[in-house]
Every structure is written in C-alpha cells, then in structure tokens.
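I opened a notebook on this structure to keep track of what I looked up and what I found. The entries follow the order of my reading.

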Amino acid sequence: MSDLGYVLVLAGGLSYEREVSLRSGRRVSEVLRTAGISVETRDTDASLVPSVLADPPDAVFVTLHGGAGEDGAIRSVLELLSVPYVGAGPDACRVAFDKPTAKTVVRSVGLRTPDSVTLPKETFHDLGAATVLSRIVERLGLPLFVKPSRGGSALGASVVRTAEDLPAAMVGCFAYGDTALIERCVEGVEVAVSVVDLGGGPVALPPVEIVPDRGAYDYAARYTAGHTEFFAPARLSPETAAACAEMAVTAHTALGLRDLSRTDLIVDADGLPHFLEVNVAPGMTETSLFPMAVEAAGDDLGTLCRVLLEQAAARGTA
C-alpha cells in the first residue's frame with residue numbers, strides 16, 4: 001500500500017506539443033488511479049501556484065512536453081514551492097532539452113553522434129542563405145536531417161535528400177524554433193531506449209524499434225494509431241541491443257538526468273548505434289515508446305509511476 005496522499009499530474013501547457021501532453025497526462029492519471037493513487041490533473045495556468053500553495057501534493061508527475069515542460073522552467077517553479085517531482089532537475093533539463101548542447105555533452109564522454117551544424121535564423125538570413133546552405137552540404141554531405149534545436153514530436157523536422165530541398169526544410173524548421181540543427185542523416189534502424197532508476201541506479205528497458213509506414217517517423221506517424229509498426233523488444237542482435245542500452249544509460253548519466261528518460265538512436269548498417277537526442281519527459285500516450293518499453297520489460301506502468309512518485313516524495317522529506 002502506498003503512503004502517498006494525493007499526487008498532481010501536470011499536463012497541457014502552451015507548447016506546440018500541448019495535445020500530446022494532455023494525452024500523456026490522461027494516461028498517467030488513469031494508470032495511477034488503477035494503482036490506487038489519488039490523482040489530480042492540472043494545466044499550467046495562473047491558478048496552479050495558488051492551488052499548490054493551498055494544498056501541496058505529496059509529489060508531482062510532469063507530463064508536459066516541449067517548452068517549459070522540458071526546459072527546466074516548470075521544475076524551477078516546483079522547487080520554489082518546495083514540491084517534489086518526478087524527473088530531472090532544472091539545470092539538467094536545460095542541457096538535455098537543447099539538442100546541440102546535449103550532443104556536445106554525450107560526445108565528450110565518448111558516445112557516437114552524427115556530425116552537425118547549428119544555425120540560428122538570424123545568422124541564416126544575415127550571411128546569405130544560399131551560400132551558407134551550400135557550405136553545409138559540402139561539409140556534411142547528403143542526406144541531411146533538419147530539426148529545431150529545441151522541441152520534440154518531430155515538429156519542424158525533415159529529411160533532406162537533395163540540396164534543392166534544404167531551403168524548404170530550413171523554413172519548415174524555423175516555423176517551430178529560432179535555431180536549426182542540421183545533422184548528417186545516418187540511415188538505419190530507429191530505436192528508442194527508455195531508462196528508469198527505481199533506486200538502484202539507471203537501468204535500460206528493452207529497446208523499441210520504430211518502423212513508420214511512410215518512411216518518416218513524423219508527428220502523424222507518432223500519434224496516429226496504425227501509422228507505425230513497433231517491435232518491443234527491437235529486432236537487434238544481443239550485442240547491438242546491449243550497445244544501445246549502454247549508450248542510453250551513459251547519456252542519462254552524463255546529462256545528469258534522474259528517474260526516467262528516453263534516448264533516441266539510429267543503428268547503422270554495421271550495427272553501431274548513434275545518439276540523436278534525449279527526452280526528459282517521455283511521452284506516455286497509447287502510441288508512446290516509454291510505455292511500450294515498460295510492457296516489454298514485463299512491468300506495470302502504473303506501478304512504475306507510483307514508485308517514481310514515492311521516490312520523489314521521499315526526496316522532498318529528506
């Protein structure tokens with residue numbers, strides 16, 4: 001029986017990923033209630049702080065995606081309110097949420113990650129778009145993968161296979177953020193490795209293989225049932241699966257993350273994993289990868305979320 005009184009699930013927010021966050025929040029609330037926990041779900045509006053001050057929850061589960069949910073801002077507010085929460089602290093979130101910075105950190109501990117260029121919109125325009133893009137193609141080659149440096153759910157992301165398609169990809173990227181990350185596109189098997197720490201150190205869950213029906217794991221492929229086939233565990237050799245697990249745990253540790261995370265990788269034709277990005281608030285929807293990994297491990301999502309909340313509550317009283 002849990003000692004938790006009541007917990008708060010934060011969902012919604014004002015990022016481009018609001019609808020996904022609401023779905024994640026509903027799922028987490030449902031599994032926690034099934035696990036016997038009293039749950040309240042709230043959005044991040046002006047009533048949140050007065051409500052928390054008037055009736056502090058034992059712990060908070062953050063299912064906010066993008067923006068304030070993953071850049072550390074909401075977590076900073078929760079710390080100001082002395083309310084414990086599941087997940088990484090503000091400083092670690094700020095580093096992990098910024099993809100170029102996260103790539104620099106993981107490369108510094110020896111992880112493989114695609115070569116890339118980071119380009120703010122102002123620089124793109126001020127220095128002459130055509131010239132800059134030409135040099136990027138010369139430097140990194142083709143194909144390329146373009147995505148906002150901050151954000152998720154593949155919004156503003158696209159594969160570029162010809163130099164002529166790069167300007168449109170940049171425009172699409174800048175619609176969702178002021179800075180673009182342009183990576184050398186590694187072709188291979190898309191894999192997501194979730195990591196949880198239930199008190200004994202970070203452990204990788206079984207990798208999930210992603211096979212979208214239209215070739216691109218875009219927003220529709222992520223959140224529309226039937227658009228993507230998933231294999232949990234992934235169809236990898238034992239050696240490659242172990243390498244993916246090690247990479248995810250190493251990234252989790254190097255970035256200073258806590259409780260849970262999800263690392264996205266590409267496994268190339270030689271069976272070598274490449275780090276792409278890490279998510280500090282993994283999606284919890286019916287088509288999300290973290291719950292699939294939990295199920296593949298033979299665990300119960302509600303029980304796991306309850307344990308994470310109990311750990312957070314214990315940190316708050318320590």
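The entries below go through a strand, a helix residue, a surface patch, some salt bridges and some backbone details.

**Entry on the model.** I noted before anything else that this is a predicted model.

**Entry on strand β1.** I looked up how strand β1 (residues 6-10) sits in the structure, and found that five of its five residues are buried, so the strand is largely enclosed by the rest of the structure. Both faces are covered, with Tyr6, Leu8 and Leu10 buried on one side and Val7 and Val9 buried on the other. I then looked for a partner and found that β1 pairs with strand β2 (residues 38-42) in the parallel sense, over five bridges. Within this pairing, Leu8 has Glu40 of β2 as its bridge partner.

**Entry on Ser29.** Next I turned to Ser29, which is part of helix α1 (residues 18-34). Is Ser29 buried or exposed? I found a relative accessibility of 2%, so Ser29 counts as buried, because the cut-off for buried is under 20%. A polar atom of its side chain lies 2.9 Å from the backbone oxygen of Gly25. Leaving aside residues up to four places away in sequence, Ser29 touches Val9, Val39 and Thr41.

**Entry on a surface patch.** I also looked at the surface, where Val49, Leu53 and Val77 form a nonpolar patch with about 220 Å² of accessible area together. Of these I followed up Val49, which is found in helix α2 (residues 48-54) and is partly exposed, with a relative accessible area of 32%.

**Entry on salt bridges.** How many salt bridges does a search of the whole structure find? The search gives 15, and I went through some of them one by one.

The side chains of Lys103 and Glu183 meet in a salt bridge with an N to O distance of 2.8 Å. Lys103 belongs to helix α5 (residues 99-108) and Glu183 to strand β8 (residues 179-184), so this pair ties together parts that are 80 residues apart in sequence. Both Lys103 and Glu183 are buried.

Another salt bridge joins the side chains of Lys121 and Asp178, at 3.6 Å from N to O. Since Lys121 lies in helix α6 (residues 121-126) and Asp178 in the loop between α8 (166-174) and β8, the pair ties together parts that are 57 residues apart in sequence. I found Lys121 partly exposed, with a relative accessible area of 26%, and Asp178 partly exposed as well, with 47%.

In a further case, Arg135 and Glu138 meet through their side chains at 2.7 Å, N to O, and both lie in helix α7, three residues apart, about one turn of the helix. Arg135 counts as exposed at 53% relative accessibility, and Glu138 counts as exposed at 55%. I noted too that salt bridges with shared partners join Lys103, Lys147, Glu183 and Glu277 into one network.

**Entry on the backbone.** Last, I checked the backbone, bearing in mind that most residues other than glycine have a negative phi and that most peptide bonds are trans. A cis peptide bond joins Leu142 and Pro143, with omega about 0 degrees, and Pro143 is in the loop between α7 (129-140) and β6 (144-148). Ala232 and Pro233 are also joined by a cis peptide bond, with omega about 5 degrees. Asp259 has a positive phi of about 75 degrees although it is not a glycine, and at 2% relative accessibility Asp259 counts as buried.

Note on methods:
Residues numbered from 1 in each chain as written. Predicted model: local features only at pLDDT ≥ 70, side-chain atom pairs only at ≥ 80, totals over all residues. Heavy atoms only, no water. Helix = DSSP H or I, 4+ residues; strand = E, 2+ residues; numbered from the N terminus. Buried < 20%, exposed > 50% of the residue type's maximum accessible area, 1.4 Å probe, protein only. Polar contact = N/O pair within 3.5 Å; in protein donor to acceptor, adjacent residues only side chain to side chain. Contact = heavy atoms within 4.5 Å. Patch = residues over 30% accessible without salt bridge, like charges linked within 9 Å, V, L, I, M, F, W, Y side chains within 5 Å. Areas by Shrake-Rupley, 256 points an atom, 1.4 Å probe, with all protein chains shown as cover. Salt bridge = Lys/Arg side-chain N within 4 Å of Asp/Glu carboxyl O. Pairing = 2+ DSSP bridges.
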